[in-house]
Each structure stands twice: as C-alpha cells, then as structure tokens.
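Notebook open, structure loading. I'm jotting down what I look up as I go, one entry per topic.

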Amino acid sequence: SNYEPLFTNIVNAKRKTTSQEELLKQLEHERIMGEEGEQFVLSYERNRCPFPLSKLNKIKQISLVDVSAGYDIISFENEISNDRRYIEVKTFEGKPHFNWSANEINSSKLRQDSYYIYLVDYSKIKTPGYQPYIIQNPYKEVKDNDKWKMTPSSYLVEPTFDLKDV
C-alpha cells in the first residue's frame with residue numbers, strides 16, 4: 001500500500017490520454033493513409049511487370065467490394081503465369097509496424113506463397129522509384145520468425161455460458 005501511489009503515477013505518466021475528437025481524427029487519418037497506400041500498391045502492381053492489357057484489367061482492389069476477403073489487392077505473379085498474388089497492404093508512418101487481423105493471418109496461412117504483405121511507408125509513396133517492403137508468405141516469415149515481434153493488442157471475449165442463465 002505504501003508503493004501504490006508511486007506505481008499509479010508511473011503507469012499514468014506512461015499512458016497517453018486521447019479525447020474522442022482526437023481519436024476520430026486519428027482514425028480518419030489512418031483511413032486516408034490506408035486508402036492512399038492501397039492506391040500506391042495498385043499502381044505499383046500494374047507497373048511491376050510488362051503485363052498484357054488482359055491481365056492489367058484483372059489487377060483489382062478487392063477491398064472496395066469485400067473488406068473481409070483477408071487481402072486488399074489481387075494481382076499476378078508475373079506477366080506469363082496465371083498464378084495469383086493476394087496482397088494485403090499495410091501503410092505506416094514512422095517506425096515500420098502493422099496490425100494483422102486474425103482473418104488476414106488465416107488468409108495468409110491458407111494461401112501461403114501466394115499471399116504477400118506490402119509494407120508501405122506513407123512518407124515515401126510520392127517519392128519516384130519508391131518500392132514497398134514485400135513479405136511473401138508472412139504466416140511463415142513473420143509469425144514463425146524471431147525477426148518480427150508480434151504483440152497481442154486486443155482480444156475477442158465471449159462467455160462460455162448462456163447469459164440468460166445468469
């Protein structure tokens with residue numbers, strides 16, 4: 001009990017308070033960054049290979065029609081192959097980082113080498129020649145690799161009993 005006020009002060013000093021207005025501004029900024037990152041990758045993909053017009057027209061931003069697909073863009077491995085490239089775009093500012101949902105992780109696990117994360121530095125997308133950091137098969141390369149640190153940031157909590165019984 002003697003140390004409780006000290007610990008409370010330390011914890012509160014490290015925790016940043018955010019108003020609802022600040023949170024809404026931050027979420028809107030992140031939405032805009034995400035959209036611009038996806039547009040950047042869409043353009044990047046259309047220029048990555050000398051795709052024939054028939055393939056260029058099939059490189060699509062899936063997130064516009066299905067946000068639950070587990071990826072944002074569908075493309076091709078190269079101009080010759082019909083193998084698909086499922087791309088999840090992660091746009092960041094500052095230190096490289098991204099949030100990876102359970103749905104995206106499952107999609108990555110299912111699609112393996114056909115699934116990519118394109119890590120896009122928002123401050124560089126208007127720089128000529130900038131290329132995103134590309135992670136093929138992130139389920140293997142990120143989840144099971146000590147070069148990346150995964151930290152749980154939220155949990156889905158559900159009762160294991162019927163609430164009517166309470």
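**Entry 1: Tyr86 and its contacts**

I started with what Tyr86 touches, skipping residues up to four places away in sequence: Tyr71, Ile73, Ile74, Arg111, Ser114, Tyr115 and Tyr116. Contact here means heavy atoms within 4.5 Å. Before going on, I noted that this is a predicted model, where local features need pLDDT of at least 70 and side-chain atom pairs count only at pLDDT 80 or more, while totals for chains, interfaces and linings use all residues. Residues are numbered from 1 along each chain as its sequence is written, and side-chain values use heavy atoms, with hydrogens and water left out.

Tyr86 has its place in strand 3. Helices (H or I, at least four residues) and strands (E, at least two) are DSSP runs, numbered from the N terminus. Is Tyr86 buried or exposed? Its relative accessible area is 18%, so I put Tyr86 down as buried. The cut-offs I used: buried is under 20% relative accessible area, exposed is over 50%, and partly exposed is in between, with a 1.4 Å probe and protein chains only. I also checked Tyr86 against Ile59: they are 27 residues apart in sequence and 10 Å apart in space, C-alpha to C-alpha.

I found five strands in an open sheet, in the order 1-2-3-4-5, with mixed pairing. Strand 1 and strand 5 are the edge strands, since each pairs on one side only. Two strands pair if DSSP finds at least two bridges between them.

How many bridges join strand 1 to strand 2? I got two, and these strands run antiparallel. Strand 2 and strand 3 are also antiparallel, and four bridges join them. Going residue by residue, Lys60 has Ile74 in strand 2 as its bridge partner. Ile74 in turn has Tyr86 in strand 3 as a bridge partner, and Ser75 has Arg85 in strand 3.

I then looked at which way strand 2 points its residues. Ile73 and Ser75 go one way, Ile74 and Phe76 go the other way, and all are buried.

**Entry 2: Helices on the sheet**

What does helix 4 (residues 102-111) lie across? I found strand 3 and strand 4 under helix 4, which runs at about 130° to strand 4. Axes are lines fitted to C-alpha atoms, for helices over the stretch in contact, and angles run from 0 to 180 degrees between N-to-C directions.

**Entry 3: Rings**

I searched the whole structure for aromatic pairs and got nine. The rings of Phe40 and Tyr44 have centres 6.3 Å apart and planes at 25°, so I logged that pair as stacked. The rule: rings of Phe, Tyr and Trp (its six-membered ring) pair if their centres lie within 6.5 Å, with planes under 30 degrees apart counted as stacked, over 60 as edge-to-face and the rest as tilted. Phe40 and Tyr44 are four residues apart in helix 2 (residues 20-48), so about one helical turn separates them. Both Phe40 and Tyr44 are buried.

Then I checked Tyr71 and Tyr86, which make an edge-to-face pair, 5.0 Å centre to centre with 75° between the planes. This pair links distant parts of the chain, 15 residues apart: Tyr71 is in the loop between strand 1 and strand 2 (73-76), and Tyr86 is in strand 3 (residues 84-92). Tyr71 and Tyr86 are both buried.

Which residues do ring pairs link into a cluster? I wrote down Phe40, Tyr44, Tyr116, Tyr118 and Tyr130.

A charge sits over a ring if NZ of Lys or CZ of Arg is within 6 Å of the ring centre and within 35 degrees of the ring normal. Arg85 has its charged end over the ring of Tyr116, 4.0 Å from the centre. For Lys55 the ring is that of Phe76, and the distance to its centre is 5.0 Å.

**Entry 4: Gln61**

Gln61 is in strand 1 (residues 60-61). I count Gln61 as buried because its relative accessibility is 8%. Leaving out residues up to four places away in sequence, Gln61 touches Glu35, Glu38, Gln39, Leu42, Asp72 and Ile73.
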